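User: I am new to this structure and would like to know what the terms used for it rest on. Please set each value against its definition.

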Amino acid sequence: MADLKPGDAIPELKVTPDKYLPHRYAGASGDFNPIHIDEEFARSVGLPSNILHGLYSMGVVAKAAAQGLAGGDPRALKKLTVQFRGMGLPEQEIDVTGTVKEVEGDRITVALEAAQGDNRIIRNAEAELEL
Amino acid sequence: MALKTDAVGKSWPSTTYQVGREKIKEYATVLGIENPVHFDVDAARAAGFRDVVAPPMFVVVYSMRALAPAMFDPEVGMNFATMVHGGQTFEWAEPVCSGDEITTTARCVSIEEKLGNGFYVFETTSVNGDGAEVVRGTWTNIVRGV
């Protein structure tokens, strides 16, 4: 990875959460907020359907950074900051893209974004990794 | 109406979470993370970990339990009907492995009004059994129309 330089794209990660992904994520994380797992409830509060957990989408971004730059080494990711904007929906492909911003010795800063089509669900994400 | 800021600086009682192999596997499986260090103790040890190691974002499993009482505290008084999770930062230090007992403390960092919306910022600090910090989280919740 010594040859990484600012402006380089990191490998893209595409994943499509299936209809029951939010339910499995609720079980794994302990976050059972009904807006994520109950379509009827979600519509009753004005949402288009049940929506993905923001922290699930952040988990996908973390995976893209660690997998794309550090072979999935869980020690590599030192910091991740994100802004949640558009709502993520099940059964739509999430596309995570990233660009190297800064390289300083073994520390690398990457700008990332996660989108479902034109809907950017995570923007202004920044990851710091130690490789 | 002025935003209620009494809870700024307040801390809530810590929670302790015992990390286990099956919970790490469950989390990694849902995220589609395939590195064997999250599933197989021999692979984890061969890579230099004490035991099966948690993916970084496993932090949500133990830190949200400490944050919940802060979020629902009437002294904070967030209006959940118009609240969204606006932003999140995690800073990781020591890796978290199966067998670790992680103690997390939540604190209210700031409550501010910006352009008619309320910004509620909380911090969670998680330490392992040796007292070493494993992760620090900054949670920003935005309440529209305060």
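Analyst: In strand 5 of chain B, B:Thr138 is the bridge partner of B:Thr89. This is a predicted model, in which local features need pLDDT of at least 70 and side-chain atom pairs count only at pLDDT 80 or more, while totals for chains, interfaces and linings use all residues. Residues are numbered from 1 along each chain as its sequence is written, and chains are lettered from A and ligands numbered from 1 in the order in which they are written.

User: What makes strand 2 and strand 5 of chain B a pair?

Analyst: Strands (E, at least two residues) and helices (H or I, at least four residues) are DSSP runs, numbered from the N terminus. Two strands pair if DSSP finds at least two bridges between them. Strand 2 (residues 83-92) and strand 5 (residues 133-143) of chain B have nine bridges and run antiparallel, so they meet the definition of a pair. Among the residues facing each other, B:His85 stands opposite B:Asn141, and B:Glu91 has B:Arg136 as its bridge partner.

User: Which strand of chain B is joined to strand 5 by 10 bridges?

Analyst: That is strand 4 (residues 117-127), which runs antiparallel to strand 5. Here B:Glu123 stands opposite B:Thr138. The two strands form a hairpin with five residues between them, and B:Gly131 in the turn has a positive phi of about 85°.

User: What is the span of helix 3 of chain B set against?

Analyst: The expected span is 1.5 Å times one less than the number of residues. Helix 3 (residues 59-71) has 13 residues and reaches 17 Å from its first C-alpha to its last, close to the expected 18 Å. A kink of about 35° lies at B:Arg65, shortly before the proline B:Pro69; such a bend is the angle between axes fitted to the seven residues ending at a residue and the seven starting there.

User: Why is A:Ile108 called buried, and why is B:Lys25 called partly exposed?

Analyst: A residue is buried if 20 or more other C-beta atoms lie within 10 Å of its own, exposed if 12 or fewer, and partly exposed in between, with C-beta atoms placed from the backbone. A:Ile108 has 26 such atoms, so it is buried. B:Lys25 has 16 C-beta neighbours inside 10 Å, so it is partly exposed. A:Ile108 is in strand 4 of chain A, and B:Lys25 is in helix 1 (residues 21-31) of chain B. Leaving aside neighbours within four places in sequence, A:Ile108 is in contact with residues including A:Leu4, A:Leu69 and A:Val100, and B:Lys25 is in contact with B:His38 and B:Phe39.

User: What makes a set of residues a nonpolar core, and how many residues has the largest?

Analyst: A nonpolar core is a set of buried Ala, Val, Leu, Ile, Met, Phe, Trp, Tyr and Cys residues joined through C-beta atoms within 7 Å. The largest has 77 residues, and B:Phe58 is one of those with the most contacts inside it. Helix 4 of chain A gives the most to this core, with 10 residues.

Conventions:
Contact = placed C-beta atoms within 7 Å.
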